[in-house]
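The sequence and structure are shown below.

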Amino acid sequence: MSKARLIDGKKLAAKLRKTVGTQTLTLKKAYGLVPGLAAVLVGEDPASQIYIRNKETHAREVGMNNFSRRLAKNISEAKLLKIVSELNADPVINGILVQQPLSKKIDAFTVIEKMDPAKDVDGFHSFNLSALFRGSGGLVPCTPKGCMMLLETTISDLNGANAVVLGRSNIVGKPLAQLLLAANTTVTITHSHTCNLPEICRNADILIAAIGQPKLIKGHWIKPGAVVLDVGINRIKTKDGEQTLVGDVDFDEVVEIAGAITPVPGGVGPMTIACLLENTLIACCRQNGVPVPEI
């Protein structure tokens, strides 16, 4: 059996960013509008700093304005909520994201709920999640949205496919299940307490791993020819003591069985940022009562 085809998230993300860049330029020419993105970073977590820099870089590349805020790690929840309120009220800011994780003394849910849901470009606000459940009008969480784009470029027809989602978070697992249901797949949500997990995974035409355990999914868990998306990003030490990134899937084993698979890095991750930019463009258009430019 030949190895699985690699699903190139970098390539698809670059294509989406190019589209967003063209749409952003058209929006500026037609209506004088430039989408503005405010990324809020609390503290100095190295991984979070990298994520924020990547978001800022790509936002500039597609022609958006950056209004990032870098805040001290000891900032109070009250002060952070005040800053979010200020961003809500600023008409040049169309998208707001607060990079997680936050410190233990700040309740992330409270901060998310403080955002104007129309500016919640991560799609985490309860309004946007309920809109996703209803199938109407909200901003879709970026990673699940990116996963669906990857699937749609890999599988010609999702209708009737058996999809298994490993992970039940509000950020990936639950919203992704809703998107898969909307695409007429049959969805099973699993997690760390699921019994007979390998057996359930072996029945999946589509397997999406977002459970946060490095290399958990082994080759014998995979149905031959299945499409595997690996959302996990885990830092582990190699035998040489160096740090490396791996997913929730044991890539070396699964690539021998699956039909198609995303690598880590270079799979789902780039799509998350590209979808964030698309959400910011959509938010800008909605807030100003204009259609998203067609290209």
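## Overall architecture

The secondary structure of the protein consists of 10 helices and 12 strands. The model is predicted. Along the principal axes, the C-alpha trace spans about 55 × 45 × 35 Å. The protein has a radius of gyration of 19 Å, which agrees with the value near 19 Å that a compact globule of 295 residues would have.

Of the 295 residues in the protein, 50% are buried. Among contacts between residues at least 6 apart in sequence, 69% join residues at least 24 apart. The protein exposes about 14,000 Å², and carbon and sulfur atoms supply 53% of this area.

## The largest pocket

The largest pocket has a volume of about 1,400 Å³. Its lining comprises 46 residues, and those closest to the pocket centre are Tyr51, Thr143, Val231, Ile233 and Thr272. By residue class, the lining of the largest pocket divides into 24 nonpolar, 14 polar and 8 charged residues.

Both helices and strands contribute to this lining: α1, α2 (46–61), β5 (95–98), α6 (142–154), β10 (234–237) and α10 (268–287) each supply at least two residues. The element that gives the most to the lining of the largest pocket is α2, with 7 residues.

## The second largest pocket

The second largest pocket holds about 210 Å³ of space. The residues that line it are Gln100, Ala108, Phe109, Ile112, Glu113, Phe124, His125, Ser126, Leu129, Asn170 and Ile171. Two or more residues of this lining come from each of α4 (108–114) and α5 (126–134).

Helix α4 gives the most to the lining of the second largest pocket, with 4 residues. The lining of the second largest pocket divides into 6 nonpolar, 4 polar and 1 charged residues.

## The setting of Gln23

Gln23 lies in helix α1, which covers residues 9–31. Helix α1 is also one of the elements that supply at least two residues to the lining of the largest pocket.

Is Gln23 buried or exposed? Gln23 has a relative accessible area of 11%, and because buried means under 20%, Gln23 counts as buried. Leaving aside neighbours within four places in sequence, Gln23 is in contact with Leu281, Val292, Pro293 and Ile295.

Conventions: Residues are numbered from 1 along each chain as its sequence is written. This is a predicted model: local features need pLDDT of at least 70, side-chain atom pairs count only at pLDDT 80 or more; totals for chains, interfaces and linings use all residues. Side-chain values use heavy atoms; hydrogens and water are left out. Buried means under 20% relative accessible area, exposed over 50%, partly exposed in between (1.4 Å probe, protein chains only). Contact means heavy atoms within 4.5 Å. On a 1 Å grid over the protein atoms alone, a cavity is a set of points where a 1.4 Å probe fits but cannot get out, and a pocket is an open set with protein on both sides within 12 Å along at least five of seven lines; lining residues have an atom within 4 Å of a point. Grid points are joined across faces, edges and corners, and a volume is the space filled by probe spheres set on the points. Ala, Val, Leu, Ile, Met, Phe, Trp, Tyr, Cys and Pro count as nonpolar, Asp, Glu, Lys and Arg as charged, and the others, Gly among them, as polar. The radius of gyration is taken over C-alpha atoms; the globule rule is 2.2 Å times the number of residues to the power 0.38. Accessible areas come from the Shrake-Rupley method with a 1.4 Å probe; for residues, only the protein chains shown count as cover.
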